[in-house]
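Hi everyone, thanks for making time this morning. Have a look at the sequence and the model on the screen, and I'll talk you through a few places in it.

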Amino acid sequence: MADTLTITDNRTGRQYEVPINYGTYEDYGASSPAIDLRKIKGSEEDFGLLSYDPAYMNTASCKSAVTFIDGDRGILRYRGYPIEQLAEESSYLEVAYLTLFGELPTESELAGWTYEILHHTFVHENVKKLMDGFHHDAHPMGMFVSTVAALSTFYPEAREVHDADVRLKQIHRLIAKVPTIAAFAYRHSIGLPYIYPDNELSFTGNFLNMMFRISEPAYDPDPVLERALDLLFILHVDHEQNCSASVMRGIGSSHADPYVSVAGAAAALYGPLHGGANEQVLRMLNEIRTVDRVPEYVERAKKGEFRLMGFGHRVYKNYDPRARILKSMASEVLEVTGRSPLLDLAMELERIALEDEYFVERNLYPNVDFYSGIIYKAMGFPVDMFPVLFAIPRTAGWLAQWLEMLQDPEQKIARPRQVYVGKDERDYQVIEKRGV
Ligand code: ACO
């Protein structure tokens with residue numbers, strides 16, 4: 001069997017042979033180069049066929065070796081490693097290294113990497129002043145997006161995106177400074193003084209310190225919460241070509257520096273259709289209020305009156321593997337923070353929905369957002385901080401996508417085509433002749 005497609009143009013009767021390309025993992029993602037369609041023309045003057053794909057529902061924009069997802073089977077792997085194993089055995093910083101550089105670090109590589117990250121956590125005092133300028137009730141995600149973009153002005157050498165050493169330096173800075181900016185945004189929004197990083201603590205221990213320390217001389221993070229946050233960060237590192245990763249690649253493809261590119265990606269994450277769903281889960285659970293009202297809400301969802309937030313996924317048509325991991329972690333966290341009625345509600349909602357024919361038939365399973373919001377809330381994070389918490393680990397994923405894009409000889413500046421449906425050429429009319 002030849003690995004080609006034969007396309008017959010019924011307008012002209014001509015036939016075209018188009019190659020089928022395979023990815024390296026079995027035949028997952030077999031594709032054909034869309035540019036070959038351009039050869040198919042109704043006449044010599046014709047521009048040639050374009051593929052039309054709003055929202056890129058069936059367009060591969062790159063070849064990537066970072067993250068593998070099989071939504072039908074509920075599989076998520078970073079660089080080939082199953083998310084379950086990474087969640088069980090690894091740490092966020094190790095997973096960030098793996099995602100960025102392709103292999104798990106050796107002991108000395110991990111020590112060097114951890115040192116670099118933990119020693120780039122401070123921000124310039126002028127960054128603090130910049131953040132002071134935000135209004136008292138500024139949304140922390142708006143502050144986060146703007147401040148990350150502003151880092152571009154502090155590190156102008158970051159523009160040298162083709163210099164590997166310069167790139168690595170900005171990667172250290174970005175991964176290290178995003179928790180500081182996130183915590184400063186939170187402290188500003190509640191009028192508390194900023195807490196400077198403590199480089200003796202772990203990555204997540206320091207983040208908890210910068211968020212929650214009040215007057216203690218040294219902050220001592222709860223090990224269960226420190227680990228829970230680390231696990232949440234592992235689960236959110238990357239998810240291949242989603243909306244924000246595509247934005248990262250799109251901005252980066254013009255060779256803009258990584259600070260403005262990450263800021264753009266974070267802006268994409270800010271939207272409720274992307275990073276904001278866990279907030280919606282909390283709002284829904286608060287509205288349902290008591291376990292006995294769950295069946296009524298499930299019925300309403302079935303009638304199409306509203307959607308069960310945290311259920312369903314564009315890619316996963318099976319249990320989201322990240323949701324499964326978070327479900328078991330939620331109980332551990334709540335043992336420390338105190339039992340939450342929200343978790344009981346969530347469990348009951350999940351139990352009823354998973355038995356219901358409507359949800360079974362449509363492959364509607366809980367997604368990662370179903371449990372993450374409950375855990376963040378139990379840990380004391382306000383709902384406004386949820387997208388910011390997502391952006392901290394996803395920064396590593398965005399940078400991995402950015403690095404891969406810059407080093408891929410097949411990539412160019414991202415520039416989709418359009419199907420023009422406007423007016424044909426017409427002559428300019430002076431204003432007196434345009435009528436009323
Ligand atoms: N509750 C009730 N019914 C649902 C839900 C839901 N959460 N999700 C999908 N359905 C139903 C639809 O009504 C539709 O039913 P029909 O065939 O009778 O018309 C069917 O399931 C298919 O739904 P689509 O909208 O076509 O599925 P799509 O893949 O486009 O949507 C999405 C995926 C947007 C995530 C959707 O499931 C949803 O809105 N879920 C709730 C919001 C949410 O949790 N988002 C977080 C996603 S995870 C993340 O971004 C990190």
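Predicted model: local features only at pLDDT ≥ 70, side-chain atom pairs only at ≥ 80, totals over all residues.

Residues are numbered from 1 along each chain as its sequence is written, and side-chain values use heavy atoms, with hydrogens and water left out.

Let's begin at strand 1, residues 4-9, which pairs with strand 2, residues 14-19, in the antiparallel sense over six bridges. For the terms here, strands are DSSP runs of E with at least two residues, helices are runs of H or I with at least four, and both are numbered from the N terminus. Two strands pair if DSSP finds at least two bridges between them.

What is the strand order in the open sheet of three strands? The order is 3-4-5, and the pairing is antiparallel. Strand 3 (67-70) and strand 5 (81-82) stand at the edges with a single partner strand each, so one side of each has no neighbour in the sheet.

Strand 3 meets strand 4, residues 75-78, over four antiparallel bridges. Within that pair, Thr-67 is opposite Tyr-78, and Asp-70 has Ile-75 as its bridge partner. This is again a hairpin with four residues between the strands, and Gly-74 in the turn has a positive phi of about 65°.

The hairpin has two residues between the strands, and Arg-79 takes a positive phi near 50°.

Now, which residues of strand 4 lie on each of its faces? As a general point, side chains in a regular strand alternate between the two faces of the sheet. In strand 4, Ile-75 and Arg-77 are on one side, Leu-76 and Tyr-78 are on the other, and all of them are buried. Buried means under 20% relative accessible area, exposed means over 50%, and partly exposed is in between, with a 1.4 Å probe and protein chains only.

Tyr-81 sits in strand 5, and it counts as partly exposed because its relative accessibility is 28%. Its C-alpha atom is 9.1 Å from that of Thr-67, 14 residues apart along the chain. Leaving out residues up to four places away in sequence, Tyr-81 touches Leu-76, Leu-86, Leu-98, Glu-103 and Leu-104, where contact means heavy atoms within 4.5 Å.

On to the ligand. It is surrounded by 17 residues, the closest being Arg-307, Leu-308, Gly-310, Phe-311 and Asn-367; a residue counts as near if one of its heavy atoms lies within 4 Å. Ligand oxygen atoms lie 3.0 Å from a side-chain N or O atom of Arg-307, 3.2 Å from one of Lys-317, and 3.4 Å from a polar backbone atom of His-274. The protein covers 67% of the 930 Å² of accessible area that the ligand has on its own, by the Shrake-Rupley method with a 1.4 Å probe.

That brings us to His-274, in the loop between helix 10 and helix 11 (277-288). Is His-274 buried or exposed? It counts as buried because its relative accessibility is 17%. Its side chain also makes a polar contact of 3.4 Å with that of Asn-242. Within protein, such a contact is a pair of N or O atoms within 3.5 Å, one able to donate a hydrogen and the other to accept it, and residues adjacent in sequence count only if both atoms are side-chain atoms.

Last stop: Ser-261, in helix 10, residues 258-270. Ser-261 counts as buried because its relative accessibility is 0%. Its side chain reaches the backbone oxygen of Asp-257 at 2.9 Å. Beyond its neighbours within four places in sequence, Ser-261 is in contact with Met-248, Ile-251, Gly-252 and Ala-256.

Thanks, everyone, and I'm happy to go back to any of these views.
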